[in-house]
Amino acid sequence: ATKDQYFEEPPEDVVDDAIYRRNKQVEEKYGITITAAESSHNNYETDALNSILAGDDAYDIIFTHSRAAFAYAVQGAAYNVHDIETIHLDKPWWSQNIVESCTLNGRLYVLDGDISINGLSGAMCILFNKRIFDELGYDYPYELVRDGEWTFDEFAYLAKKGGNDLNGDGVMNPADDQFGFNTSEWNGPINILYTGGQKIYDKNEEGRLELTLYSNKTVEIFDEFFSLMDNEACFLHLTNDPKNYDGPNLFSEGRAMIAGDNLGSAQGFRNMDDDFGIIPYPKFDEDDEYATIVNGHAHLLVIPITVEDVERTGSIIEALCAIGSRDVVPAFYDVSLKTKYARDEESEAMMDIIKDSVVYDIGYVAGGVGGLSSVGRELARSTTHDFASYYAAQESSAQIAL
């Protein structure tokens, strides 16, 4: 989609206007005209691939679904960014974590940074309903977060206390009742892995990528998480499942004490009656670090191998990113999220923590690495949530993909 990168006319929204003005500045500086083509809905992941493989220099830059970005790479359709001298990967406007995590054998085919607000918006986080906390007499978790004591045990304790059979029928139903924790199959079940410092794939001391998902701690993480989700006070929303709830959002309805969502979702709750706060996902253990991943639907940047003057393209991309860091991200982060949608000063500090704790796992963002890239979602949809059995069934295909 083009909506967070390109506008033909000056928009009214402060963030969109910053994007529009950023593009105009770059056009004037380099004497160029920026045009944008939006992918077709039914082929959005690799819409430009055939053009590139045919040798057509049609695009300077592609913002593709993160899990499709590596489809361009393995097809030989993406440029190694380390070979482009006019892109300065050490600058703060580029994601240093993705440069470190996704550079393999000296090659990097995907980028993320302040050229787009999409990744920041897709960073996973926890929202909590202040009214429900007040009614139950619990302190907001801000101090726990600041002191490094916001752990899974603290989170699980609160989640179990937040359920309420509002209609008194003896059955916890998402259409009628209140839940202590609510998340979707694509959010909590995968982000919980990273709160314990684990990854699907990781690099060893020699810089070679290895399959690292299976460990005693990973087993413990998934056991504890799905044990919590099986508690009647918690609700795990499955999409495209006829047996599941398909009504209004529980959090915006004021019927979820805590919800796992994305940082940008705060915009959608602007008209919510109850005040809410934003905090990072808890550490799994106190000696872990706060960690969040960017939802897989967010895009990564790919530069086609067919670009004829790659240093020119690199200069323009660097300018888009640098000015984006100066003008667009502050408009989104400071004006839109912090002032317009977040409802207290504490949440502003929490969002800084969330932004600084983003990690990339090539095993997650590269969707073609066997079934393990969707391990959280697949375990959520299974009846037993048995990680060991699921891993055993997928290990061979994951090793082949590696």
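Tyr245 is buried in this predicted model. Its relative accessibility is 13%, which is under the 20% limit for a buried residue. Phe235 is also classed as buried, with a relative accessible area of 11%. Phe235 and Tyr245 form an aromatic pair. Phe235 belongs to strand β6, residues 234–237. Tyr245 sits in the loop between β6 and β7 (256–262). The pair therefore ties together parts of the chain that are 10 residues apart in sequence.

A search of the whole structure gives 21 aromatic pairs. Another of them joins Phe128 and Tyr140, with 5.5 Å between ring centres and 45° between planes. Phe128 lies in strand β2 (residues 124–129). Tyr140 lies in the loop between α6 (130–136) and α7 (142–146). The two residues are 12 apart, and the pair links distant parts of the chain. Phe128 is buried, at 0% relative accessible area. Tyr140 is partly exposed, at 29%.

Ring pairs also build a cluster. Its members are Tyr214, Phe222, Phe225, Phe226, Phe387 and Tyr391.

Charged side chains were examined against ring faces as well. Arg67 is placed over the face of Tyr364, 4.7 Å from the ring centre. Lys283 is placed over the face of Tyr290, 4.9 Å from the ring centre.

How values were computed:
Residues numbered from 1 in each chain as written. Predicted model: local features only at pLDDT ≥ 70, side-chain atom pairs only at ≥ 80, totals over all residues. Heavy atoms only, no water. Phe/Tyr/Trp six-rings, centres within 6.5 Å; stacked < 30°, edge-to-face > 60°. Helix = DSSP H or I, 4+ residues; strand = E, 2+ residues; numbered from the N terminus. Buried < 20%, exposed > 50% of the residue type's maximum accessible area, 1.4 Å probe, protein only. Lys NZ or Arg CZ within 6 Å of the ring centre and 35° of its normal.
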